[in-house]
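Subject: Structure handover

Hello,

The structure is below, with notes on what was found in it.

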Amino acid sequence: MNMGKEIQLRPKVNVSSYIHFLLNYRNKFKEQQPNTYLGFKEFSRKCSEKWRTISKHEKAKYEALAKLDKARYQEEMMNYIGKKKKRRKRDPQAPRRPPSSFLIFSQDHYAQLKKENPGWSVVQVAKATGKMWSTTTEVDKQPYEQRAAVLRSKYFEDVNIYRQQHHGRKRSFRLSARTQRSSGRTEPNKRVDPV
């Protein structure tokens, strides 16, 4: 039980004009014929037939209800503070992924583009770099792809070394945790008689 913390439920999603009509039609149907049972398929068919035959004026009522419901939902979502997903913490000792050939190209040309166009935002520079990369020939891309390949192979080597070093630590940590947990308990299948 959470004391002092209220659990805020996610707002109910807005529904379409047809769903408002369907709910209204179902309530009227239950009032008029309380002892009659219709299966979902048959009831849905009757509703859709009725929806097609009603006037535009009557449909406008349900469309207005749908607009109000949408406004209500948007307002509630503005005030809704949902659960925040916890990000998995990255090990600071783990090797970082290498940049792609495009990223290496971008890093090389960023300063030049920024110098030529000082008013550009990062997004505009990135778009320009993307256009430059797409117009660059395969021959001109080759040095960037080679640098990326070298960095990628170094990364995989570093990952293997990291896993070898840290795998042993994880394993020893798990074993020590198991022995600590089991030292305070009896074995699972043995029964202890009260004294």
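Helices (H or I, at least four residues) and strands (E, at least two) are DSSP runs, numbered from the N terminus. On that basis the elements of the protein chain run α-α-α-α-α-α from the N terminus on, that is, 6 helices and 0 strands.

This is a predicted model, in which local features need pLDDT of at least 70 and side-chain atom pairs count only at pLDDT 80 or more, while totals for chains, interfaces and linings use all residues. Residues are numbered from 1 along each chain as its sequence is written, and side-chain values use heavy atoms, with hydrogens and water left out.

Whole chain

Of the 195 residues, 19% count as buried (under 20% relative accessible area; exposed is over 50%, partly exposed in between; 1.4 Å probe, protein chains only). The protein chain exposes about 17500 Å², and carbon and sulfur atoms supply 54% of it (Shrake-Rupley method, 1.4 Å probe; for residues, only the protein chains shown count as cover). Among contacts (heavy atoms within 4.5 Å) with a separation of 6 or more, 73% come from residues 24 or more positions apart.

Cys 47 is in helix α2 and counts as buried because its relative accessibility is 0%. Leaving out residues up to four places away in sequence, Cys 47 touches Tyr 18, Phe 21, Leu 22 and Tyr 25. Its C-alpha lies 9.7 Å from that of Leu 23, 24 residues away in sequence.

His 109 belongs to helix α4 (residues 101-116). With 14% relative accessibility, His 109 also counts as buried. Its side chain reaches the backbone oxygen of Phe 105 at 2.9 Å. Apart from neighbours within four places in sequence, His 109 is in contact with Met 132 and Tyr 144.

Second largest pocket

A pocket here is an open set of points on a 1 Å grid over the protein atoms alone, with protein on both sides within 12 Å along at least five of seven lines; lining residues have an atom within 4 Å of a point. The second largest pocket holds about 220 Å³ of space, where a volume is the space filled by probe spheres set on the points. Its lining has 13 residues, with Arg 26, Phe 29, Lys 30, Leu 38 and Phe 43 nearest the centre. Both α1 (17-32) and α2 (40-53) supply at least two lining residues, and α1 has the largest share, with 5 residues. The lining divides into 8 nonpolar, 3 polar and 2 charged residues (nonpolar: Ala, Val, Leu, Ile, Met, Phe, Trp, Tyr, Cys and Pro; charged: Asp, Glu, Lys and Arg; polar: the others, Gly among them).

Regards

Note on methods. Polar contact = N/O pair within 3.5 Å; in protein donor to acceptor, adjacent residues only side chain to side chain. 1 Å grid on protein atoms, 1.4 Å probe; cavity = no way out; pocket = protein on both sides within 12 Å on 5 of 7 lines; lining within 4 Å.
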